[in-house]
Amino acid sequence: MEIPAQGITAPAAVYEIAGRRFEIGSRGFADAIADAHASHQRPRCLCQAEGVEMYVARLGGGYIVKRMPDTGSHHEPDCPSYEPPAEFSGLGQVLGSAITEDPATGETTLKLDFPLAKMPGRSQMPPAGGYSDSVTSDGAKLSLRGLLHYLWDQAELTRWHPGFAGKRTWGTVRKHLLLAAEDKVARGGSLRSRLYIPEVYSVEQRDAINARRISLWSQAVAVPGKQQQLMLTIAEIKEIVPARYGFKAVVKHVPDQAFALDERIYRRLARRFERELALWGAAEDIHMVMIATFSVAMAGIPTIVELSLMPTTRHWLPVEDGFEKQLVDRLVVDGRSFVKGLRYNLGAGSEIASATLTDCAGSAPLLFVDHSGIEGSKQQIHAGDPSVPVWRWNPSSEAMPSLPPRHPHHPSPVESAVELR
């Protein structure tokens with residue numbers, strides 16, 4: 001949906017800029033979007049005959065073409081700029097309130113319901129990080145889990161195409177998440193400057209990697225008598241276990257430094273994230289992703305203040321439970337193209353589309369897994385837009401139904417490129 005990162009290609013996108021047509025990466029494209037940014041022109045994506053208005057924003061030392069806010073569903077399903085309607089995921093609750101995008105500046109302001117600073121001695125779990133029926137967020141601010149889901153969406157890690165198989169590594173995940181954090185503002189400052197995502201570990205580069213980590217963490221080192229700034233981390237959990245004193249979270253790619261947890265957080269962890277931890281323990285191919293705020297003691301030890309967990313498949317596609325994993329695995333094995341739906345702040349009692357197929361003729365079908373305890377959602381979905389095709393599976397009463405057929409002219413998986421940004 002945006003300019004591909006170096007070495008990464010995407011399904012062809014064609015833009016009209018100042019009356020001329022350009023494909024992403026074609027000769028003259030970079031100059032055209034730079035000129036469009038300088039003159040405040042709006043490129044148009046030509047996936048539709050009438051075109052869909054886009055805008056140009058700065059990204060690092062270059063420029064990027066982005067869709068206008070809340071227009072992703074106006075694009076064709078196989079267009080790189082397509083996004084499922086926000087009302088069928090948790091995004092609809094937070095868009096425009098907790099998430100505000102300014103096309104004039106390219107900046108997105110995020111309102112968070114958790115602090116990025118603390119007084120010494122305080123720790124807590126996120127108020128909406130798990131599945132509690134008695135503690136929910138109203139959507140005016142992003143929960144810790146909501147922020148992780150937003151960044152995962154913005155990094156295009158919820159989008160899948162058969163050509164991605166075997167090419168989505170932690171290095172790819174990290175690069176896309178850091179790009180997604182660019183131009184995001186939270187608590188009055190740059191989100192990117194507070195975000196630590198472990199580099200792929202290398203014995204040969206160990207000293208350089210550690211030096212960069214220590215430099216980034218320096219802003220969160222405790223100073224006696226002063227409010228302590230917190231860092232954010234997104235990392236894959238290897239294990240959460242008792243330590244000599246208290247407990248610790250060991251993350252992959254950081255073999256020489258665990259994150260400390262106090263006993264209160266550790267005990268609440270098992271209750272709040274029971275479903276996620278059960279899935280992680282039962283399936284060997286599940287990655288457990290953690291988002292957390294953390295402080296750094298004067299001795300250099302990081303201590304988790306708040307955290308949330310998100311299981312993903314081997315391809316880093318988020319799943320909530322074993323039934324969603326079955327659906328996502330089936331889609332991947334069958335060579336389908338789709339966008340995975342995320343819950344953001346919504347509790348377990350609210351229904352969302354588990355996935356949206358982007359390789360079908362006409363409107364993109366929404367795929368739902370019926371869970372116990374969700375009543376009346378089927379009628380609400382059909383009432384929202386009767387033109388949207390809906391596929392449902394109730395695991396408690398039936399085998400998985402046949403999936404909606406792929407469009408006969410959809411590109412073959414082998415013709416697809418690696419990843420898109």
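Q: How many helices and strands are there in the protein chain?
A: This is a predicted model, and in it the protein chain has ten helices and 22 strands.

Q: And how many of the residues count as buried?
A: Of the 421 residues in the protein chain, 51% count as buried. The accessible surface comes to about 18900 Å², and carbon and sulfur atoms account for 50% of that area.

Q: What about contacts between residues at least 6 apart in sequence, what share joins residues at least 24 apart?
A: That share is 64% in the protein chain.

Q: Switching to cysteines, how many disulfides does the count come to?
A: The count comes to zero disulfides. C45 is in none, although the sulfur of C79, which is the nearest cysteine sulfur to that of C45, lies 3.6 Å away.

Q: Is C45 buried or exposed, and what about C79?
A: C45 is buried, with a relative accessible area of 1%, and C79 also counts as buried, at 5% relative accessibility.

Q: Sheets next: in what order do the four strands of the open sheet come?
A: The order is β6-β7-β10-β11, and the pairing is mixed. At the edges stand β6 (99-102) and β11 (189-190), each of which has a single partner strand, so one side of each is left without a neighbour in the sheet.

Q: Which helix packs on that sheet?
A: Helix α3, residues 144-154, packs on the sheet and touches β6, β7 and β10, with its direction making about 160° with that of β7.

Q: Do β7 and β10 run parallel or antiparallel, and how many bridges join them?
A: Strand β7 (residues 107-110) and strand β10 (residues 184-186) run parallel and are joined by three bridges.

Q: Last topic, confidence: what is the average pLDDT, and where is it lowest?
A: The protein chain averages a pLDDT of 87, with 86% of the residues scoring at least 70. Confidence is lowest in helix α10 (residues 377-384), at a mean of 44, whereas it is highest in strand β12 (residues 195-196), at 98.

Q: Which stretches have pLDDT under 50?
A: Among them are residues 125-136, for which the model has 32 contacts beyond four places in sequence, and residues 375-383, a stretch with ten contacts in the model beyond near neighbours in sequence. Where pLDDT is low, the predicted coordinates should not be read in detail.

Key: Residues are numbered from 1 along each chain as its sequence is written. This is a predicted model: local features need pLDDT of at least 70, side-chain atom pairs count only at pLDDT 80 or more; totals for chains, interfaces and linings use all residues. Side-chain values use heavy atoms; hydrogens and water are left out. Helices (H or I, at least four residues) and strands (E, at least two) are DSSP runs, numbered from the N terminus. Buried means under 20% relative accessible area, exposed over 50%, partly exposed in between (1.4 Å probe, protein chains only). Contact means heavy atoms within 4.5 Å. Accessible areas come from the Shrake-Rupley method with a 1.4 Å probe; for residues, only the protein chains shown count as cover. A disulfide is a pair of cysteine sulfur atoms within 2.5 Å. Two strands pair if DSSP finds at least two bridges between them. Axes are lines fitted to C-alpha atoms, for helices over the stretch in contact, and angles run from 0 to 180 degrees between N-to-C directions. pLDDT is the predictor's confidence in each residue, from 0 to 100.
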